[in-house]
Amino acid sequence: MLAVLAAALAVLSIAARSEGGPASRYRVLAGVALFLSLDEGAQVHEFLNQVGVRVTDRLGTFNAWLIPGAGVLLVVGVLLLWLARGIEPALRRRLVLAGAVFMAGAVGMEALGAAFALSSDLPNPWLTGRYHLLVAAEEGLEMAGALIAVHAVVARIRVDVPGDDRRHRRSR
């Protein structure tokens, strides 16, 4: 879904350029969506676990990426909000909502899952139904955020087909 979002933003970039709009802003957003898509498969953010473990061992080796990841998220989030200032308000609001929903899953639910696992007395809390429900909520929020963004971007793209007179037929 994130790859679809990247493609839709790239198309919107082309459309914006032809209209004289903020094409570079959409290209940057497409790049971020593409990186997030690649990260889902390659789990690049998991490499941040090594950094997080050096800061604290409280989160364990599975969730230590949250510490440096929160810093990266803050910096990138501020930059994306600054970049979004040049996007039309309706699309900007939808993309900010989509980002908030996505991050609620990616960081918020991940942190809740880590808190549950670390506070559990079970030998392997990652195998419990509760933990799997938290993971399902995490992935569901990430997917919902991506879907909101795809819908917002695709709804913004307008395609004019030469010779298409459907608009005229509706008015008859």
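**Terms and their grounds**

Author: Ser120 is placed in the loop between helix H6 (89–119) and H7. This is a predicted model, in which local features need pLDDT of at least 70 and side-chain atom pairs pLDDT 80 or more, whereas totals for chains, interfaces and linings use all residues. Residues are numbered from 1 along each chain as its sequence is written, and side-chain values use heavy atoms, with hydrogens and water left out.

Reader: Why is Ser120 called buried?

Author: Buried means under 20% relative accessible area, exposed over 50%, and partly exposed in between, with a 1.4 Å probe and protein chains only. Ser120 has a relative accessible area of 19%, and is therefore buried.

Reader: What makes the pair formed by the side chain of Ser120 and the backbone nitrogen of Leu122 a polar contact?

Author: A polar contact is a pair of N or O atoms within 3.5 Å; within protein, one must be able to donate a hydrogen and the other to accept it, and residues adjacent in sequence count only if both atoms are side-chain atoms. A polar atom of the Ser120 side chain lies 3.0 Å from the backbone nitrogen of Leu122.

Reader: How do you know whether Tyr26 is buried or exposed?

Author: Tyr26 belongs to helix H2 (residues 23–42). Its relative accessibility is 2%, so Tyr26 counts as buried. Tyr26 touches Leu9, Leu12, Ser13, Ala16, Ile87 and Leu91, not counting residues up to four places away in sequence; contact means heavy atoms within 4.5 Å. Tyr26 and Ile87 are 61 residues apart along the chain, yet their C-alpha atoms are separated by 8.6 Å.

Reader: Which residues of H1 and H7 meet?

Author: Leu2, Val4 and Leu5 are among those in H1, and Ala146, Ala149 and Val150 are among those in H7. The residues of this contact divide into 11 nonpolar, no polar and 2 charged. Ala, Val, Leu, Ile, Met, Phe, Trp, Tyr, Cys and Pro count as nonpolar, Asp, Glu, Lys and Arg as charged, and the others, Gly among them, as polar.

Terms used
Helices (H or I, at least four residues) and strands (E, at least two) are DSSP runs, numbered from the N terminus.
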